[in-house]
Amino acid sequence: MRRAEVLAAEAVSCLNRAMAALRDIWEEIGIPEEQRLERTEVVKKHIKSLLDMMVAEEESLKERLLKSIALCRKELDTLCRELQLDPFEAEEDSTILQMEKNLRTRVEVMLKQKRDRKHELKTLQEQDRDLCDILCTTPFCIDSNAVPSLEDLDRYRRHLASLATEKEQRREEFVSSKRQIILLMEELDHTPDTSFERDVVCEDEEAFCLSKDNLAALQDLLQQLEAQRSLNEAVCAELRSRIIALWERLQVPVEEREASAVCSWKSTIWRS
C-alpha cells in the first residue's frame with residue numbers, strides 16, 4: 001500500500017474515533033437521540049466544509065501551476081525567437097509541479113542570457129563609438145533594439161579588434177610624422193600658422209582625429225616641409241658656390257676664407 005493510501009486510511013480512522021468519542025460523550029450526558037443526530041449533522045457539515053475548502057485550495061494551486069506553465073511556454077517561445085535558439089521541448093511525462101519548476105527555471109536562464117547579450121552589445125557599442133570618433137569611421141551596423149545572436153556578437157568583437165589594430169597603426173604613423181614635422185619646423189624656424197598645423201604640433205596627441213584625411217594632410221605637410229628644407233639646402237649650396245667663385249676671382253687667401261667661414265657659422269648660430 002502506498003504511503004498516501006496509508007495516510008488516508010489513518011485520517012478515516014481518526015474521524016471514526018472522534019465520532020465514536022462524541023457519541024459516547026453525548027450518551028453519558030444524556031442528550032436525546034434526535035439532538036445527537038442534529039449534532040452529528042453539524043459535525044458532518046464542519047468536516048465537509050473543511051474538506052471542500054482544502055480541495056478548493058489544492059484545485060486553485062493546480063490552476064495556478066497550469067497557468068504558470070502556459071505563461072512560461074509562451075515566454076520561452078518568445079525568448080527562443082529573440083535569442084535565435086531552437087524551440088524548448090519540455091518533458092511531457094513529468095508531473096505538473098516538476099514541469100512548472102523546469103519551465104520557470106529555463107525562463108530564468110534564458111532571461112539571463114538575454115540580459116547578458118544586451119549588456120555586451122551596449123558595451124561593444126560604447127567601444128565602437130569611441131573608436132569611430134578617433135578614426136572618423138562609420139559605426140558597426142547592428143540593430144540596437146534586437147537581441148544579438150552569438151554570431152553577431154562574435155563578428156562585432158572581431159570588428160572592434162580590427163579597429164583597435166587600425167587605431168594603433170594610425171597612432172604610430174601620426175606620432176612618427178609629428179616628430180619629424182616638429183624637427184623640420186625647428187630647423188626651418190617655422191611657426192605653425194594654420195589651425196591644422198597647430199593641432200598637429202600643440203594639441204594633445206590623444207585628441208587628434210586619426211582619420212584618413214587627417215593622416216593624408218599630415219603627409220602633405222611633412223612633404224611640404226621636406227621640400228622647403230631641400231629648397232633651402234639648394235639655395236645655400238648655390239650661394240656657397242657663388243662665394244667660392246668670388247673668392248677665386250678675387251684671389252682671397254685661404255686664411256681669410258676660413259676666418260670668413262667661421263664668422264659666418266658663428267653668425268648663423270647666433271641668429272638661430
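**Notes on how the helices pack**

1. The axes of α5 (residues 195-202) and α6 (residues 212-250) cross at roughly 95° and come within 11 Å. Axes here are lines fitted to C-alpha atoms, for helices over the stretch in contact, with angles from 0 to 180 degrees between N-to-C directions. On the α5 side the contact (heavy atoms within 4.5 Å) uses Phe196, Glu197 and Val200, and on the α6 side Asn214, Ala217, Leu218 and Leu221. By class, that is five nonpolar, one polar and one charged (Ala, Val, Leu, Ile, Met, Phe, Trp, Tyr, Cys and Pro count as nonpolar, Asp, Glu, Lys and Arg as charged, and the others, Gly among them, as polar).

2. Before going on, keep in mind that this is a predicted model, where local features need pLDDT of at least 70, side-chain atom pairs count only at pLDDT 80 or more, and totals for chains, interfaces and linings use all residues. Residues are numbered from 1 along each chain as its sequence is written, and side-chain values use heavy atoms, leaving out hydrogens and water. Helices (H or I, at least four residues) and strands (E, at least two) are DSSP runs, numbered from the N terminus.

3. Now look at α1 (residues 3-29) and α2 (residues 33-83), which pack at about 155° with axes 11 Å apart. They are therefore roughly antiparallel to each other. Leu15, Met19, Leu22, Trp26 and Glu27 of α1 touch Arg36, Arg39, Thr40, Val43 and Ile47 of α2. That contact splits into six nonpolar, one polar and three charged residues.

4. What about α3 (residues 96-135) and α4? Their axes cross at roughly 25° and come within 10 Å, so the two are roughly parallel to each other. Among the residues that meet are Leu121, Leu124 and Leu131 in α3 and Leu153, Leu160 and Leu163 in α4. The whole contact has eleven nonpolar, three polar and eight charged residues.

5. Asp152 deserves a quick look too: it sits in helix α4 (residues 150-188). Its side chain makes a polar contact with the side chain of Arg155 at 2.3 Å (a pair of N or O atoms within 3.5 Å; within protein, one must be able to donate a hydrogen and the other to accept it, and residues adjacent in sequence count only if both atoms are side-chain atoms). Setting aside neighbours within four places in sequence, Asp152 also touches Gln84 and Ile142.

How values were computed:
Parallel < 35°, antiparallel > 145°, perpendicular 65-115°, else oblique.
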